[in-house]
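Here is a short briefing for a first look. Take a moment with the sequence and the structure before reading on.

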Amino acid sequence: MKINPIKLNGKWKEGYSLDKHTISSVYIGENFFGNPQFETTYSEVGKNMNRRKYRGEHYRASNLAKVASEFIINDWKIVENIDLIIPIPPSKKREFQPVFLIVEELDEILKKFYCLDYFDKKDNREIKNLTSEEKSKIVSSNVLHKNRKLVRDVNILLVDDLYDSGFTLNLVYDELLKDEKVKNIYVLTMTKTRKG
């Protein structure tokens, strides 16, 4: 699978997205209900994410984890710096969480500890759907509940499926930094929106 890594600037030590989610999206009219329709061209990573997330093609998590681990080991070269892998808490409840499946597969390849329930979201609001004004009032402790306590110093790799504004990533980062055992935080997302 072809990737085109994109550096993600933020408060974290270093971050990357494997590629853009979509390459283009062209308006083609409206459907019978008046909803706008688009012809979307995805990157290879974006296509795999989309089919894994919305078409239930669970095997694609293995493909994504494989390409992500190759990037971490061969290009980014931070595998020795990682002690713990944590997924960003999903915004929507699903039977199979795409980011959880990817993290479990990453663990199989990288042989690092991971924790799927380090954080839970306190409510089911999707942060991406909030207005800028609503987002400005959010602090990490109002949105996230921490379920674990670290007992030794760790470097953490945060993993998410899609980077848009980075708002949720920043909330998780802020909450993690409250723990003096957290040393460095790295970020890896599978894809990034074109506007993000």
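Where is the place of Gln37? Gln37 sits in strand S4 (residues 36-42). This is a predicted model: local features need pLDDT of at least 70, side-chain atom pairs count only at pLDDT 80 or more, and totals for chains, interfaces and linings use all residues. Residues are numbered from 1 along each chain as its sequence is written, and side-chain values use heavy atoms, with hydrogens and water left out.

**Gln37**
- Gln37 counts as partly exposed because its relative accessibility is 29%; buried means under 20% relative accessible area, exposed over 50%, and partly exposed in between (1.4 Å probe, protein chains only).
- Leaving out residues up to four places away in sequence, Gln37 touches Val26, Tyr27, Ile28, Gly29, Glu30 and Asn31; contact means heavy atoms within 4.5 Å.
- Ser25 is 12 residues from Gln37 along the chain, and their C-alpha atoms are separated by 9.6 Å.

**Helices**
- Helices (H or I, at least four residues) and strands (E, at least two) are DSSP runs, numbered from the N terminus.
- Helix H2 (residues 60-76) has 17 residues and should span 24 Å at 1.5 Å a residue; its end C-alpha atoms are 22 Å apart, which agrees. The expected span is 1.5 Å times one less than the number of residues.
- Buried residues of H2 include Leu64, Phe71, Ile72 and Trp76.
- Lys77 follows H2 and has a positive phi, near 60°.
- Helix H3 (residues 98-110) reaches 18 Å from its first C-alpha to its last, close to the 18 Å expected for its 13 residues.
- Just after H3, Lys111 also takes a positive phi, of about 60°.

**Nonpolar cores**
- A nonpolar core is a set of buried Ala, Val, Leu, Ile, Met, Phe, Trp, Tyr and Cys residues joined through side-chain atoms within 4.5 Å.
- The largest has 27 residues, and Ile72, Trp76, Leu106, Leu157, Leu188 and Met190 have the most contacts inside it.
- H2 gives the most to this core, with eight residues.
- Apart from this core lies another, of 22 residues, among them Leu84, Ile86, Tyr118 and Tyr173.

**Strand S5**
- From strand S5 (residues 84-87), Leu84 and Ile86 point one way and Ile85 and Pro87 the other way; all are buried.
- S5 runs parallel to strand S6 (residues 113-114), joined by two bridges. Two strands pair if DSSP finds at least two bridges between them.
- Ile85 has Tyr114 as its bridge partner in S6.
- S5 also pairs with S9 in the parallel sense, over four bridges, and Leu84 stands opposite Ile156 there.
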